[in-house]
Structures are given as C-alpha cells and as structure tokens.
Amino acid sequence: MRQFRRGVAAAVFLVLPGAVRAEEPAILAVEAPTGAMRQTMGGAPSDQDLARLSLEELSMVEVTSVSRRPEALADAAAAIYVISAEDIRRSGATSLPEVLRLAPNLNVQRVNAVDYAITARGFNGYETSNKLLVLVDGRSIYSTLSSGVFWDARDLMLEDIERIEVISGPGGALYGSNAMNGVINIITRPAAETRGTLISAGAGDDDATYAIRHGGDLGANGAWRAYLTGHVRGESRSLTGLEANDDAEGARAGARADWALGEDRLTLQGDVFDNQVAVNEDLLGTETHVRGGNFLGRWSRPMLGGEMQVQAYYDRFEREEPTTLERSDTWDLSVQHAMDMGRHRLVFGAGHRVIDSRFSAPPGGASLVPPDRTLTLTNIFVQDQITLGEGVTLTVGAKFEDNSFSGQEFLPNIRLAWQRPGGDLLWGAVSRASRTPNRIERDLTLPGFLVGANFRSETVTAYELGYRANPRPNISFSINGFYNVYDDLRTVSITPATFFPLNLSNNGEAETWGVEAWGSYDVSPTWRLSAGISTLTKDYNGTPTLDDISGLVSIGDDPDYQVLLHSQHDLTDAVELDLSLRAVDDLATVDSYVEADVRLGWRLTDQLELSLTGRNLIEDDRVETGDPARARAFGRSIFGALQVSF
C-alpha cells in the first residue's frame with residue numbers, strides 16, 4: 001500500500017482596479033453594527049448574517065490552538081495563521097489540501113491526483129512530511145504506520161469548516177507526539193450555525209464534487225445536522241505526458257448534534273467514508289479501497305473557577321490493495337481543565353490513547369513483524385500563563401508522554417510576550433518537541449536486506465521570535481523568525497562486518513532557520529490585498545557514510561522560499577473576483593514555478609451562488625514534488641460550481 005511504500009522508500013501580481021469591496025466574516029457570532037450585515041452562503045439565512053469586520057477587529061477573533069483555551073489572535077504568542085470560512089469559500093478549492101495552500105506558513109506539494117505532501121518549516125516530501133500534527137475537532141488524524149497524513153482519506157465537507165488554525169513551530173508541550181514542526185487545527189461549525197438545507201455541486205475538466213446538508217433544532221436546547229458529500233478526481237499525467245491512471249472517487253457522510261443543558265455543553269459527531277483510489281507508481285492504476293469512520297463525544301461545563309472538558313473518540317481506518325491490508329482502530333480519552341487564579345491562567349490535563357494496528361502482506365517480501373500490534377500513548381500536561389505586569393506575560397508549560405516504542409518523553413515550552421498599550425505583540429519562545437517512532441520504523445522487515453530496529457524518537461529544540469501588529473486600522477502583519485536544532489533524525493545504517501541487513505537508526509542531525517511573514521491591507525472598504533512569504537535554510541551532512549548510507553534523505557526536499565499573494569474584490573454587491581498568485585523556489589530536481597488562480601462568483605440571490613474558478617493558469621505542465629517514483633504533472637483546469645441554501 002502507498003503508506004507502506006512511503007516508509008519503505010524512506011513576483012508579479014496584477015490587480016484589476018475598480019470600485020470593489022473586501023471583507024472577512026466573523027469567526028464567532030458577534031453583533032454587527034447597523035447596516036453592516038451581509039448574507040454568506042453555507043446555511044439558512046438567519047444563521048449566516050455575520051458582521052463585516054475590519055482588520056483591526058479580526059485581530060480580536062478568538063483562537064484556541066496556541067494555549068488550548070480561547071484567546072484573541074492579537075494576544076497569541078505563536079506563529080499562527082487563521083484560514084476563515086470566507087477564505088475557504090472564496091478560494092474555490094475543492095479539497096482540504098488545496099485549502100491549506102492559503103496558509104503562507106505551510107508548504108503544499110501535490111504529488112498526484114489525490115496525494116499531497118504538506119509540512120511547516122521544512123522536511124517536505126511524500127516520504128518525509130511526518131512532523132506535522134493535524135487535528136479535526138480535537139481528533140488526531142496522523143498515521144501511526146508512517147507518521148504522515150494520508151490526505152486522500154481525510155477530506156471534509158468544506159462548507160462545514162468554521163476556521164483552520166495553522167501554527168508553525170513546535171506544539172509538543174500541549175499536543176505531544178508529532179507536533180514537531182507545527183499543528184493544523186481544523187474546527188468545524190456548531191450545528192446551530194448550519195440549520196436549513198444546503199446543496200452544492202461542481203464540475204470541471206479535472207474534478208467533480210457534490211454536497212448535501214440539512215440541519216435543524218433538536219428540542220429546545222439543541223441543534224443537529226447531517227451531510228453527504230462526494231468527489232471525483234481526474235487523473236494526472238506522467239512526466240512524459242502519459243495518463244497516470246490515478247483517478248479517484250469517494251463519498252463521505254456524517255452528522256453532528258450539539259446541546260446546551262444549563263451550564264453543560266455536549267457534542268456528538270461522527271463520519272464514515274469510502275474511497276476508491278489507485279496506486280500509480282507503475283502507471284497501471286492498481287485499485288485501492290480506502291474506508292473508515294469515526295465517532296467523537298465532547299462534554300464541558302464551568303467548574304472550579306474555570307472550564308472542564310472531557311473528550312473521547314474512536315477512529316477506524318482501513319486501506320486494502322490486492323495483496324496487502326492495513327487496518328487501525330484508535331480509542332482516545334482526554335480531559336483538560338482551564339482556570340484563572342489571580343495572575344495565573346492555568347490549563348492542565350491528561351490523555352490516553354490505544355491503537356490496534358494490523359498490517360498483512362504476502363510472505364517473502366517486505367512486511368511488518370509482528371503483523372499485529374497494540375500501541376499505547378499516555379500523557380499529562382500543564383501550562384501556566386503568568387501576567388507579570390506592564391503588558392508582559394510569561395508562559396511555562398510541559399507535557400510528559402509515554403509511548404509503546406520509545407518510552408518517556410519530556411516536552412517543555414517557555415514563552416515570553418510583551419504587548420504594548422497600542423496592541424503590538426513581541427514574543428519569543430524556546431521549546432522542545434519530538435516525533436515518536438512509527439510501525440514502519442520499528443517493525444519493517446525484508447529478509448536479508450532490512451530488519452526492524454530500535455528506532456527512537458526524533459527531537460527538535462526550537463528558538464522563535466515574533467512580532468504582530470496593526471499599525472493602522474487597515475493594515476495588519478505578522479513576522480516570525482525561527483532556528484531549529486534537530487537530533488536523532490532517521491538514518492539508514494549497516495550491520496558491522498556483514499553490511500546487510502540494513503536498519504533504520506537515529507544518527508542524523510540538522511539545523512534549519514528562516515523567516516515567515518504575512519499581512520493584509522484594506523485598500524478601501526471594498527478591496528483587500530494579502531501577501532505572505534516564507535524562507536528556509538537547512539544545514540546538514542548529506543554525504544553518505546556507513547552511519548547513514550542514505551545521505552540523510554529524511555531531511556526532505558524543500559524550496560528556499562515561497563511567496564503568496566491574494567486579492568479579494570467585490571466588483572458589485574453580487575459579483576466577486578478573487579485572484580491568487582504563488583511563486584515557489586526550485587527543489588533538487590524540480591524547477592521553480594509561478595502559478596495563478598482566478599475565481600469569479602455571482603451571488604444571484606441571498607440563497608443562490610454561482611462561481612467559476614480557473615487554476616494553474618500560467619504553465620501548461622507543472623510538477624511540485626521531486627519524488628522520482630510518484631511525481632506527476634498538472635496543468636490548467638476550469639471548475640464551475642453552484643450552491644443553494646434554503
């Protein structure tokens with residue numbers, strides 16, 4: 001299967017002038033000034049009247065990923081970028097990985113029709129993008145088989161996403177394993193905000209999608225929704241122009257219910273999916289069946305001067321190819337309490353996770369020994385935000401984690417922030433994070449060639465400095481610098497005297513540093529421009545030695561820089577024009593490129609919207625990854641969509 005082979009293989013931007021309008025929706029339901037309301041698509045009209053916020057007001061929108069409790073974006077001492085529901089709608093994206101291109105602190109490489117490599121601050125590549133934790137409503141979706149995220153199986157109904165909080169930089173002190181280079185926290189909308197019916201459908205020369213959702217009240221104190229969504233992904237092309245036979249199709253369904261019973265808040269939600277994808281390394285299109293589901297419950301209430309939250313979920317994932325089967329069942333229970341005590345804002349908690357993992361393969365070839373394992377992950381954490389006065393806040397936290405493969409991990413974090421009376425925030429941080437071993441790194445066996453090894457956790461010590469400001473009501477920006485020191489990176493070592501069998505070891509070291517910056521400018525109340533840039537420099541020994549005959553290929557293949565530019569125009573009250581440009585530096589074997597996307601939307605009524613999106617409009621063929629076996633080419637595409645709500 002693809003994730004098994006994954007471990008084995010171990011600018012110029014022209015903007016149309018005119019009288020236009022740019023806006024951002026509120027992430028939280030807030031009361032709007034008179035005359036400042038506007039209907040947005042995605043649910044019943046009464047649920048979607050959101051305030052039109054200025055950039056200054058947007059900086060006060062609450063986020064939860066930095067400290068695991070609500071705080072204003074302007075106060076969050078971390079490199080955090082928020083993708084709003086309005087950003088998603090106006091992007092014209094048809095899949096979650098394409099939405100993530102909006103974040104300037106992420107590097108997104110499309111590999112083929114359904115596979116992507118996505119990372120923050122380096123180590124990108126289909127085999128190596130294994131240091132980024134991705135959460136969906138608090139549920140981890142990274143694979144314990146290979147530590148990556150298999151995006152072909154983790155799509156969502158985009159209309160149900162409230163926001164995506166993207167943190168670049170370690171998050172181990174709060175989130176534990178895999179939050180090494182960053183955290184993507186995807187937060188879906190409460191059921192009360194999706195009452196009514198929504199139907200959307202779209203088709204183009206590459207993709208086709210559909211979605212149906214209906215929601216309503218659940219008694220006097222609750223709300224519910226249910227949805228069905230599906231997609232067809234057109235095939236990519238080989239580097240020689242041949243069809244890659246990697247087209248795919250799939251369907252997903254789910255439901256959510258929320259209740260407010262006095263001071264208690266209860267959420268129940270779940271999803272099931274069934275996808276048909278294809279293995280395309282050999283261009284033969286071998287069919288792969290990917291299916292699974294999840295169920296999550298969350299309860300919270302005010303308690304002991306703060307809020308207590310308990311969450312539990314079950315996740316089932318299965319991938320089947322003609323000769324191999326991978327299956328995992330995950331049970332997770334976590335509890336946390338956030339409270340204020342004078343100058344102290346405390347959050348602490350604990351969690352326990354059990355994963356039943358099975359991988360079966362034909363005898364004589366590469367396999368996992370043993371084929372079945374039960375893995376556990378247990379943690380406790382605490383973080384304290386201490387107000388020191390004069391706008392200075394000290395944050396100290398740590399997580400203690402115990403896992404089945406590498407035992408105990410201690411993941412500390414210290415942050416110091418100074419907020420001027422005008423709102424500007426200057427912050428610095430030192431933290432340690434780790435990536436625990438996966439099953440491939442510990443159990444992979446190929447008789448006579450490779451044996452399972454005592455692979456330990458990879459670690460990073462990160463130093464960060466950041467500044468965020470709104471110098472004027474129509475300007476906001478954030479700039480962050482980082483320096484990371486990595487130890488115990490994955491290497492491939494020989495057996496002394498005999499050379500074979502090889503084993504996966506921890507002999508690699510590396511240092512990386514760079515800058516991330518982004519900002520927005522409201523040219524007028526009718527026009528918003530945004531830009532972002534990220535740079536990355538890596539220092540490591542890439543010369544093959546007996547300690548690492550791979551030449552530290554686990555470091556990945558990253559561009560030295562990428563630049564993103566966006567323009568959001570409302571040409572009239574009914575017509576929107578959105579332009580995007582991205583420039584990405586070259587990789588080891590892939591040329592740099594510049595690409596542009598354009599979306600034109602027509603809001604015919606408050607309940608009906610049409611849109612036309614053109615993607616990759618500059619180059620006839622573009623390759624985004626240097627993976628020699630999987631790299632595929634993509635060209636221009638057009639996608640038309642219709643969305644109606646009532």
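Mentor: Start at I184. Leaving out residues up to four places away in sequence, I184 touches L100, L106, L132, L133, V134, L135, I164, E165 and V166. Contact here means heavy atoms within 4.5 Å.

A word on the source. This is a predicted model, in which local features need pLDDT of at least 70, side-chain atom pairs count only at pLDDT 80 or more, and totals for chains, interfaces and linings use all residues. Residues are numbered from 1 along each chain as its sequence is written, and side-chain values use heavy atoms, with hydrogens and water left out.

Now widen the view. The largest nonpolar core has 52 residues. I184 is among those with the most contacts inside it, along with I83, L100, L106, I164 and I186. A nonpolar core is a set of buried Ala, Val, Leu, Ile, Met, Phe, Trp, Tyr and Cys residues joined through side-chain atoms within 4.5 Å. Buried means under 20% relative accessible area, exposed means over 50%, and partly exposed lies in between (1.4 Å probe, protein chains only).

Which elements build this core? At least two residues each come from β6 (79–84), α5 (96–99), β8 (116–119), β9 (132–136), β11 (161–168), α6 (172–175), β12 (182–188) and β26 (425–435). Helices (H or I, at least four residues) and strands (E, at least two) are DSSP runs, numbered from the N terminus. There is also a second, separate core of 11 residues, which includes L145, I440, F455 and V492.

Next, look at the loop between β8 and β9. R121 sits there. R121 has a positive phi of about 55 degrees, although it is not a glycine. Most residues other than glycine have a negative phi. R121 is buried, with a relative accessible area of 6%. Y126 lies in the loop between β8 and β9 too. Y126 counts as buried, at 3% relative accessibility. Follow the chain from Y126 to F150. They are 24 residues apart along it, and their C-alpha atoms are separated by 9.8 Å.

L304 lies in the loop between β18 (286–303) and β19 (306–320). L304 also has a positive phi of about 55 degrees and is not a glycine. But L304 is exposed, with a relative accessible area of 65%.

Now try a strand. N413 is in β25 (residues 407–419). N413 is buried, at 8% relative accessible area. Leaving aside neighbours within four places in sequence, N413 is in contact with A173, Q383, T395, V396, G397, V430 and S431. Take G397 from that list.

Two peptide bonds deserve a look. Most peptide bonds are trans. The one from V369 to P370 is cis, with omega near 0 degrees. P370 is in the loop between β22 (367–368) and β23 (372–389). The bond from F500 to P501 is cis as well, with omega near 0 degrees. P501 is in strand β31 (residues 499–524).

Finally, step back. The protein has 7 helices and 38 strands. Of its 646 residues, 58% count as buried. Along its principal axes, the C-alpha trace spans about 80 × 60 × 50 Å.
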